Amino acid sequence: MKRPLLSTAMLLAAAGGLFLLVNTIQGCRPKTAQAAVGGDASSRVYVPPGKYDEFYNFVSGGFSGQMSVYGLPSGRLLREIPVFSVDPESGYGYSEETKPMLMTTHGSIPWDDSHHVESSMTAGVPDGRWMFINGNNTPRIALIDLGTFRTKSIIEIPNCAGNHSSPFATPNSEYVISGTRFSIPMGTDVERDVPIESYRDNFKGTVSFIHPEPETGKMSIAFQIITPGMNFDLSHSGKGPSDGWFFFSCYNSEQAYSLLEVNASQRDKDFIMAVNWKKAEQYAKEGRGRKVPVKYYSNWYNDETHTAESTVMEEVLQLDPRELKDIIYFMPCPKSPHGCDVDPTGRYIVGSGKLAALIPVFDFEKIKAAIAANDTDGDFMGIPVLKYESVIKGEVKKPGLGPLHTEFDANGNAYTSMFVSSEIVKWSLETLEVLDRVPTYYSIGHLCIPGGDSQKPWGKYVIAYNKITKDRYLPTGPELTQSAQLFSIDGDKMELLLDFPTTGEPHYAQAIPADLVRPREVKFFDINKNQHPFVAKGEKETKVERRGNEVHVWMTTIRSHFTPDNIEGVKIGDVVYFHVTNLEQDWDVPHGFAIKGAATAELLLMPGETQTLKWIPDQIGVVPMYCTDFCSALHQEMQGYVRVSPAGSKVELKAETRNVDAGS
Ligand code: RUQ
Ligand code: CUA
């Protein structure tokens, strides 16, 4: 009896000591999450039922190829927008109308690795009109219309491989850009079929300037600048005094083509590339480029025909900076820079060297002066390299380990994500002094402040997009959730308020006030403006028609029936196209369309919209179809049948909806 008592006392003493010890250790390590969250954190992110969030947060879905939309500060997931991915819920990428959106020179590519979300801007401020997002793997840029929260256009980028340095925008969305991550040999088949070890001689990079048409959102490539072979990583446009310029981080100035981990980490400094795009644009207009044959797709969704159109482009205009000597300059930047961020005033450019122990801040005034004075340190592959000392404002010393990305508030502060030391570091743009640091859980990649890469940061929050969640959530097997963290930046000290899970690995994001988006919101599509070639604008226009082995059904939905809902005369060997129009003209009344054995997706039809599901019947019998969206009290009655007969059957093709009089 005594022993246990003694043991308990000893245990208590030991536990007390351990507690003290742990507390002491925590003094010089990241605090625990509990210690870091203030008592009122929950009320500061709480959005009561029925109330709206203040900000939309548009977050890349990483390797899921989509973009997701959250409300802030609640962190509630509002929508996943399929972009480079197919979506069985809405039929995006599966319906006949949306298939062209995913067309590329490699055929239909229904997946990509999407990294960076960028706002369309007017006068350097996000305008709530569009979001852009890049596809890394099969180089593409997509434009999402914030009226419909749908992908409006996608352009493929030729002469590009790994479209990572993308799709950052100029202050009036004149251009969004694409910088190639991988340099590659370009040109004819013979010019491209070269030994990998001829990298230095044959491999080139490109940065492309893509113009989104303001009225339609259609995208085309205005011009493409050829660069020495290396890797472009990230970029941002100049603004204010540096408007007309674009800045790209470049690594692998070693021009390695194998084991880059080692071979591309040799030099102390790589580069930030400064591009005078106004000059380049002028040269392009003056015809000083070269039109080079190359195929690429530009896909655009027409909201009136409710159908995507693909245009195959045949050439691109290239500018060669070895001839047009004043369009690009290199600035040395330590070491393997990743993020390339421009402060709200447009004067300072921050390069974040993944392997650097400091953060260089470049001064655009000095860059201009260095260019004017030809203050160079020789050249790199024929491109002038400005002297580091001449273009630098200064360096942030000992910021942390593994700086990746920087965002800004409206008060002259910068916030840099530190991947290796897993923290956000706040520093002053004026003094370059570190002001505050806060741990992230864990290994932050990107970060985002509402408006934080524009001329008008709204501030309030910084959101960390983390690479590792480890022990933060209930485990879900080998794959743990991806996650973000919301911090308040209202005070001098950053304060952790909330963790929230994300879909796919989040990279960059944009957060903008909901008030900017809401005036353009589309509640439904006007059926009178529906120009779909197979629209039925009322039940009287529904019909069924055979064209060889194709059967076309003009079908309508309205609470709570399909017209027609009995179809006979379909035969094995037929290909059936259900062209379904939702006749509703009210907000939030979609209908679904599903048929047994459908191999791809359902259709989820918004009011006033027409979409087409292609169906190849493969079994004889009577096949049910039904509405998948609980649209009304009689939703479960919203159904129908298609009779499928053997090939060569004499059953006549007919379609009807029968009203059986209860009295008869
Ligand atoms: S990159 S961390 Cu595309 Cu920084 Cu994601
Ligand atoms: Cu229509 Cu359920």
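In which loop does F419 lie? I found F419 in the loop between β26 (413-418) and β27 (423-428); strands are DSSP E runs of at least two residues, helices H or I runs of at least four, numbered from the N terminus.

I noted that this is a predicted model, in which local features need pLDDT of at least 70 and side-chain atom pairs count only at pLDDT 80 or more, while totals for chains, interfaces and linings use all residues. Residues are numbered from 1 along each chain as its sequence is written, chains are lettered from A and ligands numbered from 1 in the order written, and side-chain values use heavy atoms, without hydrogens and water.

**Entry: ligand 1.** I listed the residues that surround ligand 1 (a heavy atom within 4 Å): H115, H116, H164, H338, H405, G445, H446, K467 and H507. Two elements, β6 (114-122) and β29 (444-448), each give two or more residues to this shell.

**Entry: aromatic pairs.** I looked up ring pairs of Phe, Tyr and Trp (its six-membered ring), with centres within 6.5 Å; planes under 30 degrees apart are stacked, over 60 edge-to-face, the rest tilted. The structure holds 28 such pairs. F58 and F149 form a tilted one, 6.0 Å centre to centre with 40° between the planes. F58 lies in strand β1 (residues 55-60) and F149 in the loop between β8 (140-145) and β9 (150-156), so the pair ties together parts 91 residues apart in sequence. F58 is buried at 0% relative accessible area, and F149 counts as buried at 16%; buried means under 20%, exposed over 50%, partly exposed in between (1.4 Å probe, protein chains only).
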